[in-house]
Amino acid sequence: MKLFLDTANIDEIKLAAQTGLIDGITTNPSLVAKEKKSFEELLQEICSIIKGDISAEVTSLEIDGMVKEGKHLAKIADNIVVKIPLTQNGLCAVQKLKSEGIRSNVTLCFSPSQALLAAKAGAYIISPFVGRLDDISEDGMNLIQQIVQIYNNYNFETQVLVASCRHPLHVVNSALIGAQIATLPYKVFEQLIKHPLTDIGLEKFLSDWKKVNTK
Ligand code: G3P
């Protein structure tokens, strides 16, 4: 399973990259707006740190505008994947970009029917948002189960990227279902590593070891 970091923050990306466990980065306009650098500057820096897929989102709503922006973003680095919103225009833009060899991550997916259409359009990645569904008392993980089953039924190559992950259980359940990718905030990445029994166990081992070495 691939793990992506859902951030545009260079410090977080550098810290997580040191572990060697981060396969890619997803950004969105809200995450980029939190940073002080320009979008292009950020993307260039991110692409130089992480060699895997880096998602960069368009902000146009029209087909031509999305395609134009997508082409521009794709020129920044070979590992850029153009993030396109799941709208009727977005699905058209995905096909146009694909015909030019540009890969799309179709974002803001909240239903299995949307995911089916994104795969038919030739999306490289589909991004269902589990946390935002949980927020409105729907079951985000159930959507992942449905999409994975649909894609398996028809051998779609579109990768399922579980987005809007809010806690480690979202990641674990995504892995159990067989989603190819989960993207997580830095905090959730840290939570995946930590366990209180690991800390307690390590403290005990080290204090016992100190006794041996002071004899
Ligand atoms: O990048 C898309 C998604 O992961 C956003 O998550 O927490 O804003 O719902 P969130």
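Let me start at Asp53, in the loop between α3 (39-49) and β3 (54-57). Helices here are DSSP runs of H or I with at least four residues, strands are runs of E with at least two, and both are numbered from the N terminus.

A word on the source. This is a predicted model, where local features need pLDDT of at least 70, side-chain atom pairs count only at pLDDT 80 or more, and totals for chains, interfaces and linings use all residues. Residues are numbered from 1 along each chain as its sequence is written, and side-chain values use heavy atoms, with hydrogens and water left out.

Back to Asp53. Is Asp53 buried or exposed? Asp53 is buried, at a relative accessible area of 10%. Buried means under 20%, exposed over 50%, and partly exposed in between, with a 1.4 Å probe and protein chains only. The Asp53 side chain makes a polar contact with the side chain of Tyr124, at 2.7 Å. Such a contact is a pair of N or O atoms within 3.5 Å; within protein, one must be able to donate a hydrogen and the other to accept it, and residues adjacent in sequence count only if both atoms are side-chain atoms. Beyond four places in sequence, Asp53 also touches a set of residues including Phe4, Asp23, Arg103 and Ile125. Contact means heavy atoms within 4.5 Å.

Next, the cores. A nonpolar core is a set of buried Ala, Val, Leu, Ile, Met, Phe, Trp, Tyr and Cys residues joined through side-chain atoms within 4.5 Å. The largest has 59 residues, and Ile126 and Ile144 have the most contacts inside it. Helix α8 (residues 140-153) gives the most to this core, six residues. Leaving aside neighbours within four places, Ile144 is in contact with Pro128, Val130, Val160, Val162, Ile177 and Ala179. A second, separate core has six residues, among them Phe4, Ile125, Phe129 and Ala163.

Now the backbone. Most residues other than glycine have a negative phi. Leu108, in strand β5 (residues 104-109), has a positive phi of about 65 degrees. Leu108 is partly exposed, at 32% relative accessible area. Asn155 has a positive phi too, about 55 degrees. Asn155 sits in the loop between α8 and β7 (159-162). Asn155 is exposed, at 67%.

Last, the whole chain. There are 11 helices and eight strands. Of the 215 residues, 45% are buried. The C-alpha atoms fill a box of roughly 75 × 40 × 30 Å along the principal axes.
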